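Please look at the structure shown here and follow the explanation below. It takes up pairs of charged side chains, then a sheet.

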Amino acid sequence: GLSRGGAGMEAAAAPSRDARGRAASHPRGRGEKSPRKVYMDYNATTPLEPEVIQAMTEAMREAWGNPSSPYPDIIDTARENIAKMIGGRPQDIIFTSGGTESNNLVIHSAVKHFHQTRPSKGSPAELSSPLDGAAPHLVTCTVEHDSIRLPLEHLVQEQVAAVTFVPVSKVNGQVEVEDILAAVRPATCLVTIMLANNETGVIMPISDISQRIKALNQKRAASRLPVILLHTDAAQALGKRRVDVEDLGVDFLTIVGHKFYGPRIGALYVRGLGELTPLYPMLFGGGQERNFRPGTENTPMIAGLGKAAELVTRNCEAYEAHMRDVRDYLEERLAAEFDKQRIHLNSQFPGTERLPNTCNFSIRGPQLQGRAVLAQCRTLLASVGAACHSDHVDRPSPVLLSCGIPFDVARNALRLSVGRSTTRAEVDLVVQDLKQAVARLEGQA
């Protein structure tokens, strides 16, 4: 149940065939009892595109030899496709097991680099250093994915590093550039802020942050302070909007295959890998991925990731336009079918850009907690947005609370995220399903 994007246990990890996209357009025969399911949890995970399955199958059949020897072309092609998707260079892409590994690798590298570049203990340079033996300091925000938050909390617990969790604005759901800058200390070595939030869909101002940090780094160099590296976890943004590492100005960017109809592996972009930007391996072994991430390459998965990236590069505008159309229609239908006073759209912040496919909303009412509503739904497969390891069943999502959504509204939240093949007809089914679920919970049916 613990997928990236924190889908609750109610979200079927792999949607059943009839819940997936086009196959869902054929209603079942009259004799069958169970209602047709509509999957709307694409922020948690996506099905594989047929072309991706084909690329993976071919690699399994043909390229089963040791990938380090005669089959570099499959891996090289995938690397090129992934680089193209984000506007980077192929030599700056490292394959990983997924977003969690990519994120941990960045955090580990920033801390290690801080120590490697400090003057040695007791040397004259250390005595005159403005850092005065401070631990490495990292800056992040309060709405990050667990694969950022937990490794950082772990570093604090182990007293390896200091971390500032900057709250997001209650006005726009974003982390404010000024607040990030205010959190910086002499020992700051990394700022890590997600590109798009998995629950609200809010887009964070990464390029503004990067411009300010670049200017700050020039001043810091003169005072012999460590350079501040910038990382963004782009898991939710890829395949839903244009992502360009030059525009963003980041040093590291996390790529997650199963968020854009690819396999469950990932990659990490590192600007000027090993020259401009340091990366320290967490694993040691056979020297694959230029020693940054050893282990025999998972050729079929890499082939699939490359194909998924190629499809994004080719079709991103079309995907984005389609998802935005269906999501906007969903929000219109919700507003029309439920009293305006009853529905609260948790992901609409005035003037804030958000993902085109994400709709987080609450239906007000004491019996209408998100989980209770989902349990009553017969068609809709979605999640409450809060990660499924939360022990308190009625504890609202910490992300929504930090965005200023009131407790009783946040407790009723549902996150619906549409996909490339979601239709308006499916939206109609889901809205009817929600109405009936609410009626049952309120004892009218």
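Arg420 counts as buried because its relative accessibility is 10%, and buried means under 20%. This is a predicted model.

Side chains of opposite charge can pair when their charged atoms come close. In the whole structure, a search finds 23 salt bridges.

Another of these pairs is made by Asp244 and Arg242, with the closest N and O atoms 3.3 Å apart. Are these two residues buried or exposed? Asp244 counts as buried, at 16% relative accessibility. Arg242 is exposed, with a relative accessible area of 53%.

A further salt bridge joins Glu337 to Lys435, where the closest N and O atoms are 2.7 Å apart. Glu337 lies in helix α9 (residues 299-337) and Lys435 in helix α13, so this pair ties together parts that are 98 residues apart in sequence. Glu337 is partly exposed, at 24% relative accessibility, and Lys435 is partly exposed at 31%. The pair also belongs to a network: salt bridges that share partners join Arg333, Glu337, Asp428 and Lys435.

The next topic is the sheet. In what order do the strands of the open sheet stand? The order of its 7 strands is β2-β8-β7-β6-β5-β3-β4, and their pairing is mixed. β2 (93-96) and β4 (162-166) stand at the edges; each has a single partner strand, so one side of each is left without a neighbour in the sheet. From one strand to the next, the twist averages 20°.

Phe95 has Ala267 in β8 as its bridge partner. A helix also packs on the sheet: α7 (residues 206-222) touches β5 (188-192) and β6 (229-233). The direction of α7 makes about 165° with that of β6.

Technical notes: Residues are numbered from 1 along each chain as its sequence is written. This is a predicted model: local features need pLDDT of at least 70, side-chain atom pairs count only at pLDDT 80 or more; totals for chains, interfaces and linings use all residues. Side-chain values use heavy atoms; hydrogens and water are left out. Two strands pair if DSSP finds at least two bridges between them. Helices (H or I, at least four residues) and strands (E, at least two) are DSSP runs, numbered from the N terminus. Axes are lines fitted to C-alpha atoms, for helices over the stretch in contact, and angles run from 0 to 180 degrees between N-to-C directions. Contact means heavy atoms within 4.5 Å. A salt bridge is a side-chain nitrogen of Lys or Arg within 4 Å of a carboxyl oxygen of Asp or Glu. Buried means under 20% relative accessible area, exposed over 50%, partly exposed in between (1.4 Å probe, protein chains only).
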